[in-house]
Amino acid sequence: QVQLVESGGGSVQAGDSLRLSCAASGRTFTMAWFRQAPGKEREFVAAITSSGSTIDYADFVKGRFTISRDNAKNTMYLQMNSLKPEDTAVYYCATRRGMGVLRGLAHYDYWGQGTQVTVSS
């Protein structure tokens, strides 16, 4: 069993930055960030393999967000720069019992409780 705890969300202005953290208990392989805006489906943001050698980003965050992980701390991060109002959502971290970078929600076995990010214009 793996438990995931996100932190670092908050309310910021457009153009600001935030860094989200996801602390894991237990062994993790590929980890990912997803987000869900009000009235919308949960969507893929970014994923990283256990070694960090493979990373995937959704097109809408390329060049603005950076995913990383510190395996010594069993923690994953999402550095979010140049935030836009449309980035407003609950951000979730997830991990899967396997390797490979995948975008589908169904591929992920464990989820955190989410952290709210609100970006105002």
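**Notebook: aromatic pairs and core**

I looked up F34 and F44 and found both buried (under 20% relative accessible area; exposed is over 50%, partly exposed in between, with a 1.4 Å probe and protein chains only). The model is predicted: local features need pLDDT of at least 70 and side-chain atom pairs pLDDT 80 or more, while totals for chains, interfaces and linings use all residues. Residues are numbered from 1 along each chain as its sequence is written, and side-chain values use heavy atoms, without hydrogens or water.

I then took the aromatic pairs (Phe, Tyr and Trp ring centres within 6.5 Å, using the six-membered ring of Trp; planes under 30 degrees apart are stacked, over 60 edge-to-face, the rest tilted). The structure has four of them. F34 and F44 pair edge-to-face, at 5.8 Å centre to centre and 75° between the planes. F34 is in strand β4 and F44 in strand β5, so this pair ties together parts 10 residues apart in sequence. Strands are DSSP runs of E, at least two residues, numbered from the N terminus.

F34 also pairs with W111, tilted, at 4.9 Å and 50°. W111 lies in strand β10 (residues 110-111), so here the parts tied together are 77 residues apart in sequence. I noted 0% relative accessibility for F34 and 27% for W111, which is therefore partly exposed. Ring pairs join F34, F44, Y108 and W111 in a cluster.

Of its 34 residues, W33, L78, M80 and Y91 touch the most other members. β5 contributes the most, five residues.

Terms used
Core = buried A, V, L, I, M, F, W, Y, C linked by side-chain atoms within 4.5 Å. Helix = DSSP H or I, 4+ residues; strand = E, 2+ residues; numbered from the N terminus.
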